[in-house]
Amino acid sequence: RGRLKIAAGAMAARCRLAARFHRVHGSNVRLDASRTRATRVESFANGLCFSQEPLAPGQIFLVEIEEKELGWCGHLRVGLTALDPQSLEVVPEYSLPDLVNMGDTWVFAITRSHNRVAADGEEEAPARARGPPWEPFLLIERVRIPRDTLVGRSRPGRYSHILDDLYKTNALPATARRSRIGVLYAPQPDGTADMHIVINGEDMGPSARHLPTARPLYAVVDVFASTKSVRVIPVEYGLPSLQTLCRMVIQKHIVHRLAIDGLDLPPPLKSFCKHE
């Protein structure tokens, strides 16, 4: 039991350290003092960012879209690379195709739909198994991640009822403001790994297979085109708090978010339930 506690503590410390951006980034990116928020300040390109540290197996690097910019076509791009950001003489202008063409890099554009790759010998990838949105954990092979942190939600407002159906299923459009996108790799029996992209708590399935696990793998986040700013969301790998479990139950039974204001609950809990 003592060893498990030490291992869990080490994993938590590693997750906190990795939950920020690397000092090496694209020329149009500005990081805040904590290096958890990346904003593209000019143009639509040169927005490439990396995780501060290589990811551990099953460790998700999660970002939330904070700002959008009208007038550009294209959206956020995420993935993994075995290239050490510190070794790059020049940060490429684009993740696709520039960084990918350098080798040992797997990046995908986030769109309103997302394709997964079929396993060897499959003609078509099987449909994903979708658990109820109130399930506390997302399971990706042997990886178990608290689902609540992974889910993006819009803030309640004058017209928030329009998104109620999406809210009930804990889903926002992949490219929407406050949408949460994550990337991780899951080791396989043959010694390689599959890359998974998670969008608002839903596993999109393997996006790339046979990644080398013998080399460190960094997360790649390309703040591209219509995506203006993103923020890293730290993920704690543990049991949901009582407060989080209460929120799940409340959200499961309300008609829409504006109804939270009419509940006989303490104001801080109402705010927490509405994600303010």
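The protein folds into 6 helices and 13 strands. Helices (H or I, at least four residues) and strands (E, at least two) are DSSP runs, numbered from the N terminus. This is a predicted model, in which local features need pLDDT of at least 70, side-chain atom pairs count only at pLDDT 80 or more, and totals for chains, interfaces and linings use all residues. Residues are numbered from 1 along each chain as its sequence is written, and side-chain values use heavy atoms, with hydrogens and water left out.

**Overall build**

The protein has 276 residues, and 47% of them count as buried. Buried means under 20% relative accessible area, exposed over 50%, and partly exposed in between (1.4 Å probe, protein chains only). The accessible surface is about 14000 Å². Carbon and sulfur atoms supply 55% of that surface. Areas come from the Shrake-Rupley method with a 1.4 Å probe; for residues, only the protein chains shown count as cover. A contact means heavy atoms within 4.5 Å. Among contacts with a separation of 6 or more, 70% join residues 24 or more positions apart.

**Aromatic rings**

Rings of Phe, Tyr and Trp (its six-membered ring) pair if their centres lie within 6.5 Å; planes under 30 degrees apart are stacked, over 60 edge-to-face, and the rest tilted. The count comes to 5 aromatic pairs. Two of these pairs involve Phe44:

| Pair | Centre to centre | Angle between planes | Type |
|---|---|---|---|
| Phe44 and Trp72 | 5.0 Å | 40 degrees | tilted |
| Phe44 and Tyr94 | 6.3 Å | 35 degrees | tilted |

Phe44 lies in the loop between strand S2 (37-40) and strand S3 (48-50). Trp72 lies in the loop between strand S4 (61-68) and strand S5 (77-81), so their pair ties together parts 28 residues apart in sequence. Tyr94 is in the loop between S5 and helix H2 (95-101), 50 residues from Phe44. Phe44 is partly exposed, at 29% relative accessible area. Trp72 is partly exposed too, at 35%. Phe44, Trp72, Tyr94 and Phe224 form one aromatic cluster.

**Charges over rings**

A charge sits over a ring if NZ of Lys or CZ of Arg is within 6 Å of the ring centre and within 35 degrees of the ring normal. Arg77 sits over Phe224, 3.8 Å from the ring centre. Arg144 lies over the face of Phe137, at 3.8 Å from the ring centre.

**Confidence**

pLDDT is the predictor's confidence in each residue, from 0 to 100. Its mean here is 83, and 78% of residues reach 70 or more. Residues 3-9 stay under 50 and have 0 contacts beyond four places in sequence. Residues 123-130 are also below 50, but this stretch has 11 contacts beyond near neighbours in sequence. Where pLDDT is low, the predicted coordinates should not be read in detail.
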